[in-house]
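Hi everyone, thanks for making time for this.

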Amino acid sequence: MEDMRSLNKITMRKDPIGTEPQSVCYLCGKDGKTLYRNLVDHLFGAPGEWTFKQCSDPNCGLIWLDPRPVLSEIGKAYQNYYTHGQANNAQQTRLARIIRPVLHTMSIVLLGLRVERQRYKRMYLDQIPTGQLLEVGCGNGKRLARMQALGWDVTGQEIDPVASEYVRTVRGIHVHVGPLETMNAPEKYDVVIMSHVIEHVHDPIALLTTCYQMLKENGLLVLLTPNAASYGHRKFGVAWRGLEPPRHLHLFACKTLIQVAQRAGFDRNQCWTTPIGADGIGQRSLLSEETTQGGRQLITTRDVLRGFWFQLAASQVFRADKNSGEECVLMATK
């Protein structure tokens with residue numbers, strides 16, 4: 001363990017991530033107050049210590065990283081990221097591997113979340129006629145393959161060439177490699193989806209503006225992102241899984257997501273939260289250097305049980321507070 005700590009410190013000294021200040025709120029320009037400081041990346045081992053600020057205006061409340069990685073250096077934060085093929089950064093003990101699916105299924109059934117789970121996995125498009133669908137930041141293509149099986153004509157976009165190659169060769173789905181704004185789409189899309197992407201980008205309004213331009217009239221944008229106002233954030237605080245420095249540059253709640261969508265041109269917007277992913281938040285919060293090595297997490301029986309009990313608690317809180325879900329869902333119509 002001491003050798004691993006020494007190696008991590010050496011790596012941080014030799015290959016730091018270049019940063020830039022972000023002292024005022026991206027949305028309203030107000031000053032920020034320090035929310036957390038001296039955070040390290042226990043998830044994937046990116047170097048550096050990081051600070052989150054929160055907008056001082058209670059009508060906004062956006063949370064952001066300050067300083068943040070510059071665009072040309074952000075790739076260093078993803079060297080051990082899990083979008084490559086079927087790779088996953090988590091390993092499980094034998095007992096955890098056995099009881100995890102049992103407890104997860106049990107919680108979904110006990111809490112009456114089966115319908116919500118199905119809608120979530122279909123990106124809440126279960127009542128929408130199928131057509132041309134683009135996924136922004138498609139990763140290893142798992143979601144694209146699911147949507148294709150449901151009848152959608154799918155295309156992906158991804159900046160990671162390794163992940164893109166996996167989607168093309170293994171899943172047989174076309175993927176544009178590069179930033180979304182470099183994609184020369186031959187036709188407009190009926191739906192654009194993205195899951196846990198907007199929190200990673202330097203300019204969220206520009207991202208959604210590009211999505212707006214790529215949609216047909218009355219086209220639909222659906223996105224998921226961690227909810228900064230969630231029960232999990234309140235409970236776990238600095239150890240909340242949704243923070244993920246230095247890859248998460250902005251953290252949203254529904255009111256800030258609506259602002260971004262409006263400024264991108266969308267004028268018909270709905271936003272709500274869902275508790276469906278609470279087990280994963282409970283399981284992967286409270287990480288420490290002792291449970292992660294080389295950017296890989298060891299999931300123990302204790303972690304799985306914490307996730308199970310947190311799913312139960314978060315779902316009960318959600319019954320009384322519909323803004324407490326672990327993820328925000330934005331549905332915006334052009």
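**A walk through the chain**

As a general rule, an α-helix has 3.6 residues a turn, so residues three or four places apart point the same way.

Before going on, please keep in mind that this is a predicted model. The mean pLDDT of the chain is 90, and 90% of the residues reach 70 or more. Please be careful with residues 1-13, though, where pLDDT stays under 50.

Now the overall picture. The chain has 334 residues, and 50% of them count as buried. You can find ten helices and 16 strands in it. Among contacts with a separation of 6 or more, 73% join residues 24 or more positions apart.

Let's go inside. In soluble globular proteins, nonpolar side chains tend to be buried together. Here, the largest nonpolar core has 34 residues, and Val136, Met194, Ile198, Leu208 and Leu221 touch the most other members. Several elements give two or more residues to this core, including strand S7 (132-136), strand S10 (189-195) and helix H8 (254-263). Which element gives the largest share? That is H6, with five residues.

A second, separate core has 31 residues, including Leu111, Tyr124, Val167 and Val329.

Next, the charged residues. Side chains of opposite charge can pair when their charged atoms come close. How many salt bridges does a search of the whole structure find? It finds 15. One of these pairs is Arg306 and Asp303, at 2.9 Å from N to O. These two are three residues apart in helix H10 (residues 301-320), so about one helical turn separates them. Is Asp303 buried or exposed? Asp303 is buried, because its relative accessible area is 8%. Both partners are also in contact with Gln283, a residue of helix H9 (residues 278-284). Gln283 is buried as well, at 4% relative accessibility. Elsewhere, Asp41, Arg241, Glu244 and Arg247 are linked in a network of salt bridges.

Finally, the outside. The chain exposes about 15400 Å², and carbon and sulfur atoms supply 52% of that. Val102, Met106 and Leu110 form a nonpolar patch on the surface, with about 280 Å² of accessible area together. Met106 belongs to helix H2 (residues 94-110), and it counts as partly exposed at 38% relative accessibility.

That's my tour, so please ask me anything.

Conventions: Residues numbered from 1 in each chain as written. Predicted model: local features only at pLDDT ≥ 70, side-chain atom pairs only at ≥ 80, totals over all residues. Heavy atoms only, no water. pLDDT = per-residue confidence, 0-100. Contact = heavy atoms within 4.5 Å. Patch = residues over 30% accessible without salt bridge, like charges linked within 9 Å, V, L, I, M, F, W, Y side chains within 5 Å. Areas by Shrake-Rupley, 256 points an atom, 1.4 Å probe, with all protein chains shown as cover. Salt bridge = Lys/Arg side-chain N within 4 Å of Asp/Glu carboxyl O. Helix = DSSP H or I, 4+ residues; strand = E, 2+ residues; numbered from the N terminus. Buried < 20%, exposed > 50% of the residue type's maximum accessible area, 1.4 Å probe, protein only. Core = buried A, V, L, I, M, F, W, Y, C linked by side-chain atoms within 4.5 Å.
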